[in-house]
Protein chains: 2
Amino acid sequence: MKVSESVKEHTVFLNPDEIPTSWYNILPDLPAPPDPYLDPGDMKPVNPQKMLRLFAQELVMQEISTERYIKIPDEVLDAYLRLPRPTPLVRAKRLEAFLKTPAQIYYKCEYLSPAGSHKPNTAIAQAYYNMKQGTERVVTETGAGQWGSSLAMSSALFGLKCRVYMVRISYKQKPGRRVMMETYGAEVLPSPSNNTKFGRSLVEKDPEHHGSLGIAITEAVEDTLTDEKTRYCLGSVLNHVLTHQSIVGLEAKKQFEMIDVYPDVICGCIGGGSNFAGFAYPFMTDKLKGKTNTDFVACEPRAVPSTTKGIYTYDFGDSGEMTPLVRMYTLGHKYAAPPIHSGGLRYHGKAPSLCLLINKGYMRSVAYHQNEVFEAAKTLAQTEGLITAPETAHNVKYAIDEALRCKQTGEKKVIAFNMCGHGLLDLQAYDDFLNHKLQDWEPTEINVPTYVK
Amino acid sequence: MKVSESVKEHTVFLNPDEIPTSWYNILPDLPAPPDPYLDPGDMKPVNPQKMLRLFAQELVMQEISTERYIKIPDEVLDAYLRLPRPTPLVRAKRLEAFLKTPAQIYYKCEYLSPAGSHKPNTAIAQAYYNMKQGTERVVTETGAGQWGSSLAMSSALFGLKCRVYMVRISYKQKPGRRVMMETYGAEVLPSPSNNTKFGRSLVEKDPEHHGSLGIAITEAVEDTLTDEKTRYCLGSVLNHVLTHQSIVGLEAKKQFEMIDVYPDVICGCIGGGSNFAGFAYPFMTDKLKGKTNTDFVACEPRAVPSTTKGIYTYDFGDSGEMTPLVRMYTLGHKYAAPPIHSGGLRYHGKAPSLCLLINKGYMRSVAYHQNEVFEAAKTLAQTEGLITAPETAHNVKYAIDEALRCKQTGEKKVIAFNMCGHGLLDLQAYDDFLNHKLQDWEPTEINVPTYVK
């Protein structure tokens with residue numbers, strides 16, 4: 001007996017030999033040349049040579065590459081297959097039925113990785129290139145821990161030591177992610193720590209300093225510079241990170257072709273931007289060529305409204321002013337993000353290419369409060385059976401709203417997004433939501449300095 | 001460019017239209033007729049009619065069916081595909097390399113479901129058949145919560161109300177699983193509760209009674225009998241549960257055929273026995289026909305050594321003596337299981353067919369302490385990138401030991417097991433292990449009454 005065709009249509013698999021073997025780099029296809037990163041010392045474009053001390057050489061080359069496709073090394077493909085990849089594309093037909101919408105909703109299953117999110121797509125590549133060039137140790141920072149646990153896992157796979165500076169308040173309140181990293185053999189330090197000059201200056205004043213992502217970045221960078229065999233890794237924002245994540249959208253595009261469907265709406269949550277860009281850019285390339293008119297919608301928290309209330313200008317990537325200046329939508333690099341549960345969306349800026357596309361009108365953005373976001377997540381859990389990450393729940397909220405609009409208009413839009421993480425390490429947030437203890441937060445003070453007129 | 005053949009071999013996918021469309025029922029192939037369940041009132045075989053008040057009719061029919069293959073309904077297949085199924089079969093080649101073994105180690109990825117384990121394979125089927133016959137509400141018990149969260153999820157998918165009696169000590173110490181169930185819309189009560197006569201009798205004496213699986217079963221059964229539109233569901237032990245889990249082994253068998261490999265050793269952890277049976281029985285059928293001589297190894301905790309130190313006799317399935325008598329290896333139905341972290345392996349008995357196969361010499365069993373089990377889990381995490389459930393870590397330990405024996409002998413054995421759950425809701429246990437706070441437990445008093453000479 002054969003599985004009926006109608007059943008098969010709702011879960012689209014790819015075979016291992018259909019996995020994309022190159023990443024897609026959007027830089028050559030952007031509607032305007034990307035603005036260079038500036039050295040805050042002389043306000044001139046950063047010399048790539050200076051970046052080699054911080055990042056693996058191949059990653060620096062990819063960061064500025066204008067090649068449209070970058071070959072994925074066999075060792076990285078091998079690790080991808082074992083995540084496992086390709087991930088399925090699933091039609092959320094139970095959610096559609098519950099909403100009584102004529103719209104179709106599809107999601108890509110990136111939550112299936114051992115780390116529980118899409119982050120290993122770039123962590124594996126970064127660990128691999130570092131191993132290849134003889135790096136002995138990688139250092140990074142992490143907030144809630146999705147990125148840190150992905151890099152810890154990837155470091156174990158490629159035999160690298162790994163140190164993670166974890167924002168102290170998360171280190172104390174969310175031990176699960178710390179334990180994951182330690183199980184993978186990584187060293188996890190609460191930040192600010194006594195391990196760096198910058199950290200000590202803060203710990204001396206306040207031994208229980210809560211820390212912030214900006215402080216942790218500064219510590220990770222300072223740590224990296226102390227040792228020749230150490231390199232720094234970043235989990236989002238940078239172009240090479242977005243390029244690695246394109247594996248998600250490239251697979252999804254093949255899967256949509258297999259069922260002869262093309263999305264009308266692509267939505268995604270944005271923290272640094274790599275999740276949304278990874279899914280969206282392989283489709284965006286068609287829009288940039290004038291072939292399609294897909295509606296790209298970036299979803300962010302109202303408490304951290306980088307692209308809906310921020311300024312499009314040059315700003316630092318970290319609070320400690322150690323990174324180059326980057327042109328992006330920003331809330332100011334000292335923005336005090338409210339304590340929302342979507343730890344991955346609490347960053348003050350966003351990826352430069354994503355900001356350029358929003359600024360030029362190729363994408364738009366929306367912002368939500370966390371209670372309405374968790375309400376959407378609850379609806380998803382009770383229809384599709386999946387408990388999603390609070391970050392991902394932002395685009396689930398948009399997809400549901402759009403599907404309900406279609407119910408009014410009768411439009412049969414195809415809505416697609418990346419289910420970029422599960423929520424099994426965020427259950428306290430669900431508990432707070434179910435018990436009406438979740439607070440909605442307005443943005444704090446937005447203060448963006450002017451570095452470039 | 002094509003993905004290299006060597007890479008493809010290490011992750012074996014099945015397409016959606018290759019999913020098995022029937023379950024395998026081992027009853028007609030057993031080396032001896034299965035011993036009937038006995039009614040403790042008259043010590044005669046239980047009349048199936050009496051079971052209909054407790055279980056959905058189709059499940060009772062499957063429980064006693066002698067059909068070798070049972071068709072999987074389309075609605076169940078549809079839900080399976082969206083878990084997603086088929087799940088990949090992965091060769092643990094990084095673990096092999098680390099062990100420097102000539103053996104090959106393969107695992108099946110059942111941890112990928114939204115509930116994090118293999119349990120939805122039967123929870124979906126049980127919820128479906130109950131929905132079909134008009135059941136409005138299902139009731140069950142849960143210890144650590146793997147089963148309860150799977151039934152809660154499946155109940156949401158098929159529009160059933162769900163109530164779960166959760167052992168109070170777990171309810172308090174492991175809120176994550178409770179929150180999962182509540183997010184799916186289920187009602188979770190700490191057991192013993194004030195909701196049943198049996199529960200009240202215990203709570204009156206001790207309001208903070210820790211509870212046990214046996215007590216929770218008794219409460220769930222009592223609750224079921226209060227309402228005509230309610231049915232009880234069980235997550236392991238019974239034959240229909242093992243039959244549903246055969247989807248795992250049937251898929252794995254196809255996948256091994258695709259790469260022209262047949263396992264020499266199949267190991268699995270046993271709590272009630274459905275995980276191991278589900279993976280092993282489709283291969284066991286070949287051994288029963290004399291075609292193969294695969295070594296089947298059941299792995300259990302030394303603290304709960306049902307098959308290594310228990311008695312093969314008739315005993316109750318629950319502590320409250322409400323179930324029929326079942327012939328199995330048992331530690332006695334009032335066994336006080338030590339507080340090991342493998343909550344799913346703390347049951348006093350095991351599935352009758354599994355016990356029969358062990359008793360007849362077709363399977364054998366081994367027992368481990370939890371520290372050695374977690375050491376194996378750490379090795380797995382740092383080589384394969386996967387943090388497994390403490391239960392699953394028992395067979396990971398066996399696989400590693402067997403692979404190391406092969407290193408000594410030079411044998412190229414193929415070792416296979418089911419990676420039946422991830423450990424992301426068990427990170428406290430990993431933390432305790434990494435910090436040397438984990439205690440190894442000897443069995444408590446084994447006291448097996450004699451009901452049948």
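Colleague: How many salt bridges are counted between domain 1 of chain A and domain 2 of chain A?

Modeller: This is a predicted model, in which local features need pLDDT of at least 70 and side-chain atom pairs pLDDT 80 or more, while totals for interfaces use all residues. Residues are numbered from 1 along each chain, chains are lettered from A, and side-chain values use heavy atoms, without hydrogens and water. A salt bridge is a side-chain nitrogen of Lys or Arg within 4 Å of a carboxyl oxygen of Asp or Glu. Between domain 1 of chain A and domain 2 of chain A the count is 1 salt bridge.

Colleague: Which residue forms a salt bridge with Arg327(A)?

Modeller: The closest N and O atoms of the pair are 3.3 Å apart. The partner of Arg327(A) is Asp35(A).

Colleague: What area is buried between domain 1 of chain A and domain 2 of chain A?

Modeller: Buried area is the accessible area (1.4 Å probe) that two parts lose on being put together, summed over both. Carbon and sulfur atoms give 67% of it here. In domain 1 of chain A, Pro31(A), Asp35(A) and Asn121(A) lose the most area to domain 2 of chain A, together 19% of what that side buries. The area buried between the two domains is about 2600 Å².

Colleague: How far apart do the C-alpha centres of domain 1 of chain A and domain 2 of chain A lie?

Modeller: An automatic or database assignment sets the bounds, giving domain 1 as 28–68 + 119–232 and domain 2 as 83–116 + 247–434 of chain A. Their C-alpha centres lie 24 Å apart.
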